[in-house]
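Reader: I am new to this structure. Could you show me how to read its features, one at a time?

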Amino acid sequence: MVEIADIIAPDGIILDLRSCHSKRQVLKELSQHAAAALGLDQQHLLDALMDRERLGTTGIGHGIAIPHARLPELDRLVGLFARLEQPVDFESLDDQPSDLIFLLLAPDSADADSLKALARISRVLRDPALRQRLRQERDREAVYRMLTQKPECHAA
């Protein structure tokens, strides 16, 4: 089982990301954060994310988007979580703007693990009470704990 704690670190939490008025701006900001943390080329990362978005939206509804891409230079799954100050149109399935964004980056070789990670992230963020707490919490460490706790704990 892929656990969120295995793919995201506490410093991978970005609260109240500002100045993003489009999906592309959000992806650009997140690619800058990820590129700096991983020592990757930011433009290459942004291009990979935009290529994936062209295949179909990663906005899954309820204000959630899970943009993702595969990169040959990675050797493990890596995640970032961002809460946007203002929701952005991610062309979500329910036509609602997204404000909770979980970026997932995977190595080319991680087919099964990346699918398991996407499923886990989706399952965790499907909880309405958790989404509400994620939108209200001001402490980055608390948000990290919420995202990485076992699913049966989310009802608390």
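Predicted model: local features only at pLDDT ≥ 70, side-chain atom pairs only at ≥ 80, totals over all residues.

Reader: What is the volume of the second largest pocket?

Author: Its volume is about 180 Å³.

Reader: How many residues line the second largest pocket, and which lie nearest its centre?

Author: The lining has 13 residues. Nearest the centre are Arg52, Leu55, His68, Ala69 and Arg70.

Reader: Which element gives the most to that lining?

Author: Helices and strands are numbered from the N terminus. Here α2 gives the most, with four residues. At least two residues each come from α2 (42-55), β4 (68-71), β6 (98-107) and α3 (111-125).

Reader: Now the largest pocket. What is its volume?

Author: The largest pocket has a volume of about 240 Å³. It is lined by 14 residues, and the closest to its centre are Asp11, Gly12, Ala37, Gly79 and Leu80.

Reader: Which elements each supply at least two residues of this lining?

Author: They are α1 (23-38) and β5 (78-88). The most comes from α1, with four residues.

Reader: Let us step back to the whole chain. How many helices and strands are there?

Author: The protein has five helices and six strands. Along the sequence, the pattern reads β-α-α-β-β-β-β-β-α-α-α.

Reader: What does the C-alpha trace span along its principal axes?

Author: The spans are about 40 × 35 × 25 Å.

Reader: How do I read the contacts across the chain?

Author: Take contacts between residues at least 6 apart in sequence. Of these, 69% join residues at least 24 apart.

Reader: What share of the residues is buried?

Author: Buried residues make up 49% of the 156. As for the surface, the protein exposes about 7,800 Å², and carbon and sulfur atoms supply 49% of that area.

Reader: Which residues does Leu84 touch?

Author: Set aside residues up to four places away in sequence. Leu84 then touches Asp16, Leu17, Val26, Ser98, Asp99 and Ile101. Also look at Arg18: it is 66 residues from Leu84 in sequence, and the two are 6.5 Å apart in space, C-alpha to C-alpha.

Reader: Where is Asp95, and is it buried or exposed?

Author: Asp95 sits in the loop between β5 and β6. Exposed means over 50% relative accessible area. Asp95 has 69%, so it counts as exposed.

Reader: What is the phi of Asp95?

Author: Phi of Asp95 is near 60°, a positive value in a residue other than glycine. His62 also has phi near 60°, again positive in a residue other than glycine. His62 is in the loop between β2 (59-61) and β3 (64-65).

Reader: Why does Pro10 count as partly exposed?

Author: Partly exposed lies between the two cut-offs, 20% and 50%. The relative accessibility of Pro10 is 27%, so Pro10 counts as partly exposed. Pro10 lies in the segment before β1 (13-17).

Reader: Which residues is Pro10 in contact with?

Author: Leave aside its neighbours within four places in sequence. Pro10 is then in contact with Arg140, Glu141 and Tyr144. Pro10 and Thr148 are 138 residues apart in sequence and 9.8 Å apart in space, C-alpha to C-alpha.

Reader: One last residue. Where is Gln132?

Author: Gln132 is in helix α4 (residues 128-136). At 47% relative accessibility, Gln132 counts as partly exposed. Gln132 and Arg83 are 49 residues apart in sequence, and 12 Å apart in space, C-alpha to C-alpha.

Technical notes. Residues numbered from 1 in each chain as written. Heavy atoms only, no water. 1 Å grid on protein atoms, 1.4 Å probe; cavity = no way out; pocket = protein on both sides within 12 Å on 5 of 7 lines; lining within 4 Å. Points joined across faces, edges and corners; volume = space filled by probe spheres on them. Buried < 20%, exposed > 50% of the residue type's maximum accessible area, 1.4 Å probe, protein only. Contact = heavy atoms within 4.5 Å. Areas by Shrake-Rupley, 256 points an atom, 1.4 Å probe, with all protein chains shown as cover.
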